[in-house]
Amino acid sequence: MQTSRRDFIRSASVATGASLFSFTPLELLASQRKRVSANDKLQLGVIGCKGMGWSDLRSHLQMSEVECVALADVDQSVLDQRAADVQTARGNRPQLYKDYRKMLENKDIDAVIVGTPDHWHCLALTDSLAAGKHVYCEKPLANSIEECNIMLAAAKRAGKIIQIGQWQRSGSHYEKAIEYVRSGKLGNIRLVKVWAYQGWMEPVPVKPDSAPPVGVDYDMWLGPAKKRPFNPNRFHFNFRWFWDYAGGLMTDWGVHEIDIALYAMNAKAPKSVMASGGKLAYPDDASETPDTLQTVYEYEGFNMLWEHATGIDGGNYGLTEGIAFIGNNGTLVLHRGGWSLHPETQTKNGIKVYKIEDIPDQARNGDYLNEHTKNFVQAIKDNNPKLLKCGIETGSVAAINAHMGNIAYKTGRKVYWDATTGAFKNDAEANALIKAHYNNGWQLPKA
């Protein structure tokens, strides 16, 4: 072995806790930019410019042929900051919008990044497609199964290039691990464990409602979500832990890991799902989604176990996140830092030997977000959606499976899926949770 498992796991745990994206400093981007003909430039707009919206844009701006011409966000302070950042990086100041629908009227925009909270993904993506734009949409695809299906239908009508931000699909070490899983060397794979233990996530302290920050269009931020007083816990990053806007760690981390697990196993829809958990670590904090959850998915020939926990890092195999493919001959453990093989043993002639040949631990290689955005731009250039590493159909599989897990948790019982009808079998309560509920005058797009 070139690397001991103990050293590998220790280094991988550090790697997954650090920044996984590498960006050229903004000041250098302008100096390194190559001259590109105006006709060859991809004009980009962004809806939702904080967090991953900004990470996605910054990654795109490392390509000389991409130009950011417009930004839309409900928070004026975010708009001002990102406009200054783009100007530093590229020397041009993009047009600014508080309402993304006005931005989409700009005929010069070729493609749009959707970096909003989850409850806005469906409207932002379908409106962008209707305006004739290509779309890079953050994960999860949507905040409900119904919205996922509506977005799939809109994509089919539009015929545009759509990449979903499950960037692990563009990772070379993921590709090699998946190739090994599919080789059959692990033997019959009976169980796939998928997990995210997030020690950095501390309890969300309870805070009183307050007036929205100056410059924030809070009604626009709420959009189709239920009308509620402004609360800082529900704004920006922490929106993930409230059902109105997102699905907790299941849809935040889960779609990344579930996507890879199902892709490697050539699976799409489960036969049944059951889940158990709750707010077991921090019962009195402000969040709504479970801080501890175990979900069992039954597929044809194997089970998948999803686990998540906040506030602790003690995940499987000493890793904070990962996917373990458990076969009769060995287990392959895959995560953002690399992958390793753990062979089973057998006794031959009184000697214990491995059932399969052991191999050196494999490390991560490169910045996969940058590879993912390059893949999106190349697919647009070639007008070829088949080039995409994570098209909208792929994104829908991960999102729908993650939402099934949350539905099983909410019902508190085992639910059974009928892939032919796209609904749960004989379960009105579970099927009601498939639906999206729009408020404040916003209308669910038509399928």
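Me: After which helix does the segment that holds asparagine 440 come?

Reply: The model is a predicted one, in which local features need pLDDT of at least 70, side-chain atom pairs count only at pLDDT 80 or more, and totals for chains, interfaces and linings use all residues. Residues are numbered from 1 along each chain as its sequence is written, and side-chain values use heavy atoms, with hydrogens and water left out. Helices (H or I, at least four residues) and strands (E, at least two) are DSSP runs, numbered from the N terminus. On that numbering, asparagine 440 sits in the segment after α14 (428–432).

Me: Is asparagine 440 buried, partly exposed or exposed?

Reply: Buried means under 20% relative accessible area, exposed means over 50%, and partly exposed lies in between (1.4 Å probe, protein chains only). Asparagine 440 has a relative accessibility of 41%, so it counts as partly exposed.

Me: What is the phi of asparagine 440?

Reply: Most residues other than glycine have a negative phi. Asparagine 440 is not a glycine, yet its phi is positive, at about 60°.

Me: What is the relative accessibility of histidine 236?

Reply: Histidine 236 is placed in the loop between α9 (218–222) and α10 (248–252). Its phi is positive, near 50°, in a residue other than glycine. Histidine 236 counts as partly exposed because its relative accessibility is 23%.

Me: Which form, cis or trans, does the peptide bond from lysine 139 to proline 140 take?

Reply: Most peptide bonds are trans. Proline 140 lies in the loop between β5 (134–137) and α7. With omega near -10°, the bond from lysine 139 to proline 140 is cis.

Me: How are α7 and α13 oriented to each other?

Reply: Axes are lines fitted to C-alpha atoms, for helices over the stretch in contact, and angles run from 0 to 180 degrees between N-to-C directions. Angles under 35 degrees count as roughly parallel, over 145 as roughly antiparallel, 65 to 115 as roughly perpendicular and the rest as oblique. The axes of α7 (residues 145–158) and α13 (residues 392–411) come within 9 Å and cross at roughly 170°. The two helices, α7 and α13, are therefore roughly antiparallel.

Me: How many nonpolar residues are in the contact of α7 with α13?

Reply: Contact means heavy atoms within 4.5 Å. Residues of α7 including Ile145, Met151 and Leu152 meet residues of α13, among them Ile392, Ile400 and Met404. Ala, Val, Leu, Ile, Met, Phe, Trp, Tyr, Cys and Pro count as nonpolar, Asp, Glu, Lys and Arg as charged, and the others, Gly among them, as polar. The contact of α7 with α13 holds one charged residue, three polar and, as nonpolar, 10.

Me: How many residues of domain 2 take part in the contact with domain 1?

Reply: Domain bounds come from an automatic or database domain assignment. This assignment gives domain 1 (9–168) and domain 2 (172–366 + 391–434), whose C-alpha centres lie 24 Å apart. Domain 1 brings 40 residues to the contact, and from domain 2 the number is 47.

Me: How many of the nine residues of α3 are buried?

Reply: Gly53, Trp54, Leu57 and Arg58 are among the buried residues of α3. Helix α3 (residues 52–60) is largely enclosed by the rest of the structure, because its count of buried residues is eight.

Me: What separates the C-alpha atoms of lysine 279 and threonine 289?

Reply: Lysine 279 lies in the loop between β8 (272–278) and β9 (292–299). At 22% relative accessibility, lysine 279 counts as partly exposed. Leaving aside neighbours within four places in sequence, its contacts include Asp285, Glu288 and Thr289. Lysine 279 and threonine 289 are 10 residues apart along the chain, and their C-alpha atoms are separated by 7.4 Å.
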